[in-house]
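Visitor: Could you take me through the strands and the residues packed around them, one step at a time? I would like a close look at that part.

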Amino acid sequence: MRNGKLRICFAASSGGHLSELMMLRPLMDRYDSFLVTEKTAYRAVPEGMRCHGLLQVNRREWSCLPRLIVNAFLALGICFRERPDAVICTGVLATVPLCLLCKLFGKKLVFIESYAKVNTPTLTGKLIYPFADRFYVQWEELLEFYPKAVYIGGVY
């Protein structure tokens, strides 16, 4: 905590997950916040917001495991530089090392399952669920897979 404000890491992959996370912008503005997302050719981060990049990870490509390892080292650097008090994440796979490292360092971990997933859980959600301090779903149907989750409705 700096100057009485919690430092919160908002983490998401690029594209729709980042758009979903940006719906929490009013929350970001209330805290000492920074963003972690995948490095892409386009800039989707608002001007003036601190942002750190991760490699994009596709679980169907041979480079998935090496990229996750690189992301673990990038996440370690982010954790040491920023020292977040909590992580709020909407996924996907590229953010898993960051979430797990923050949890390992005793930080709070909040995960919001994707709005796009109505009937089945995401791989990232299944990986993060056992470690999350708070796990939110946007569809009641997902409570079947995540019994300790909190149903919040859509963030949109």
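Guide: Here is a walk from the sheet to the residues around it, ending with the cysteines and a surface patch.

First, some ground rules: this is a predicted model, in which local features need pLDDT of at least 70 and side-chain atom pairs count only at pLDDT 80 or more, while totals for chains, interfaces and linings use all residues. Residues are numbered from 1 along each chain as its sequence is written, and side-chain values use heavy atoms, with hydrogens and water left out.

Let's start with the sheet. Seven strands form an open, parallel sheet in the order β3-β2-β1-β4-β5-β6-β7. Strands (E, at least two residues) and helices (H or I, at least four) are DSSP runs numbered from the N terminus, and two strands pair if DSSP finds at least two bridges between them. The edges are β3 (51–54) and β7, each of which pairs on one side only. β7 pairs with β6 (residues 134–137) in the parallel sense over two bridges, and Y136 has V150 of β7 as its bridge partner.

Next comes S13, in the loop between β1 (7–12) and α1 (16–22). S13 counts as buried because its relative accessible area is 2%; buried means under 20%, exposed over 50%, and partly exposed in between (1.4 Å probe, protein chains only). Not counting residues up to four places away in sequence, S13 touches L18, T37, E38, G91, V92 and T95, where contact means heavy atoms within 4.5 Å.

L98 sits in helix α4 (residues 96–104) and is buried too, at 1% relative accessible area. Beyond its neighbours within four places in sequence, L98 contacts C9, A11, V36, A75, I78 and C79. The C-alpha atoms of L98 and C79 are 7.9 Å apart, although 19 residues separate the two along the chain.

What about the cysteines? With a disulfide taken as a pair of cysteine sulfur atoms within 2.5 Å, the count is zero. For C9, the nearest cysteine sulfur is that of C102, 5.9 Å away; for C89 it is that of C99, at 3.7 Å. C9 is buried at 0% relative accessible area, and C89 is buried at 0% as well.

Finally, look at the surface. M23, Y115 and Y156 form a nonpolar patch there, with about 310 Å² of accessible area together. Y156 follows β7 (150–151) in the chain, in the segment after that strand, and counts as exposed because its relative accessible area is 51%. Accessible areas come from the Shrake-Rupley method with a 1.4 Å probe, and for residues only the protein chains shown count as cover.

Note on methods:
Patches are made of residues with over 30% relative accessible area and no salt bridge: like charges are joined within 9 Å, nonpolar side chains (Val, Leu, Ile, Met, Phe, Trp, Tyr) within 5 Å. A salt bridge is a side-chain nitrogen of Lys or Arg within 4 Å of a carboxyl oxygen of Asp or Glu.
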